[in-house]
Amino acid sequence: MKKYVVETYYTCTFKTVHTLNNLDDAELSKIDQRTDGEVEVIDVKLNNRKTKKLGVKKEERQNNQKIDNNLSDNISNQIKQSKNSKKDNPTNLKIKSNHRFKMPDRRKGYIQKAQIGDHKVYLHTGEYDDGKIGEIFIDTNKEGELVKAMMNNFAIAISLGLQYGVPLDEYVDAFIDTKFEPSGNVVGNDRILSASSILDYVFRELAISYLGKEELAHTPSIASTKSLDSHNGDDKFLKIVKNITSKGFVRSNYEEKLVDLSDVRINLKTKN
């Protein structure tokens, strides 16, 4: 008859409830030494259970250890071979494809000139065919070469982010209300009257022109803010205007900016 010993390990969670006559610091400091509490078991979990055979000889133990070692070596070799096969097989690799939507060679956009304090700022934008912004350029006049280079490279970084799919909203939330010089009154922009920095002015202008965020403007919009999406799909004339007009320049107010020339007749006959 073979004999076995079973070792079982449990984790017991319990709580001890003490009855206190007086609730003060002296009673609380001695509460760990009291043994009159009521114990209530909350949870008991089985952690591990081991079985040992009694009366096993040393030779059998050594043979069992050798078998276990051989099994572990075989298993480890199989794991290594499976890893190598996965590396060699390119179909198992997950490759991230970050696609860049490049700007068209001939693109729409607009230039906004403004003066912040004593500094003139020129904002250049570039748009995709559907009217979404894809690049910006920032030029200043009274800045040194270092600041100009930093602004140019900052504009390039923003442009690359837009072309890789970063929403303009993220940039607006990040750079609105940034404070550094030059700052103060803005002259030359009909919607923005003051700015706390060049970045605050630039992204405030982009948010108004391309996102329609009127809450960031200091003056109300004179034209209506109706977009072409609210019109019927049969209006081919407005679709043509949308394709050839900068969305940022007209701020999506196509009806107010549109000059209707349908009633104008042009005589194309040449004189004899």
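This is a predicted model: local features need pLDDT of at least 70, side-chain atom pairs count only at pLDDT 80 or more; totals for chains, interfaces and linings use all residues.
**Entry 1. The loop between α4 and β6**

I began with Pro182, which lies in the loop between α4 and β6; helices here are DSSP runs of H or I with at least four residues, strands are runs of E with at least two, and both are numbered from the N terminus. Residues are numbered from 1 along each chain as its sequence is written, and side-chain values use heavy atoms, with hydrogens and water left out.

I looked up the peptide bond from Glu181 to Pro182 and found it cis, with omega near 0 degrees. Asp177 is found in the loop between α4 and β6 as well. I noted a positive phi for Asp177, near 70 degrees, in a residue other than glycine. For reference, most residues other than glycine have a negative phi, and most peptide bonds are trans.

**Entry 2. Salt bridges**

I searched the whole structure for salt bridges (a side-chain nitrogen of Lys or Arg within 4 Å of a carboxyl oxygen of Asp or Glu). The search finds 6.

I took Asp177 next. Its side chain meets that of Arg204 in a salt bridge, 3.2 Å from N to O. This pair links distant parts of the chain, for Arg204 is in helix α5 (residues 198-210) and Asp177 is in the loop between α4 (168-175) and β6 (184-187), 27 residues apart. Arg204 also meets Asp200 in a salt bridge of 3.0 Å, N to O. Asp200 and Arg204 both lie in helix α5, 4 residues apart, about one turn of the helix. I therefore recorded Asp177, Asp200 and Arg204 as linked in a network of salt bridges.

For burial I used relative accessible area: buried is under 20%, exposed is over 50%, and partly exposed is in between (1.4 Å probe, protein chains only). Arg204 is buried at 9%, and Asp200 is buried at 2%.

I also recorded the salt bridge of Glu135 with Arg107, where the closest N and O atoms are 2.7 Å apart. Glu135 is in strand β5 (residues 133-140) and Arg107 is in the loop between α2 (58-88) and β3 (111-116), 28 residues apart, so this pair too links distant parts of the chain. Glu135 counts as buried at 11% relative accessibility, whereas Arg107 is partly exposed at 35%.

**Entry 3. Helices α4 and α5**

I examined how α4 and α5 pack. The angle is about 145 degrees and the axes are 9 Å apart; axes are lines fitted to C-alpha atoms, for helices over the stretch in contact, and angles run from 0 to 180 degrees between N-to-C directions.

I listed the residues in contact (heavy atoms within 4.5 Å). Leu168, Tyr171, Val172 and Phe175 in α4 meet Leu199, Asp200, Phe203, Leu206, Ala207 and Tyr210 in α5.

Glu205 is also placed in helix α5. I found Glu205 buried, at 0% relative accessibility. Not counting residues up to four places away in sequence, Glu205 touches Tyr110, Gln112, Leu123, Asn189, Ile192 and Arg251.

**Entry 4. The sheet**

I traced an open sheet of 5 strands in the order β5-β4-β3-β6-β7, with antiparallel pairing; two strands pair if DSSP finds at least two bridges between them. β5 and β7 (194-195) stand at the edges with a single partner strand each, so one side of each is left without a neighbour in the sheet.

I then followed β3 to its partners. β3 and strand β4 (residues 119-127) pair in the antiparallel sense over 6 bridges, and Ile111 has His124 in β4 as its bridge partner. The two strands form a hairpin with 2 residues between them, and Gly117 in the turn has a positive phi of about 65 degrees. β3 and β6 pair in the antiparallel sense over 2 bridges; the bridge partner of Ile116 in β6 is Val186.
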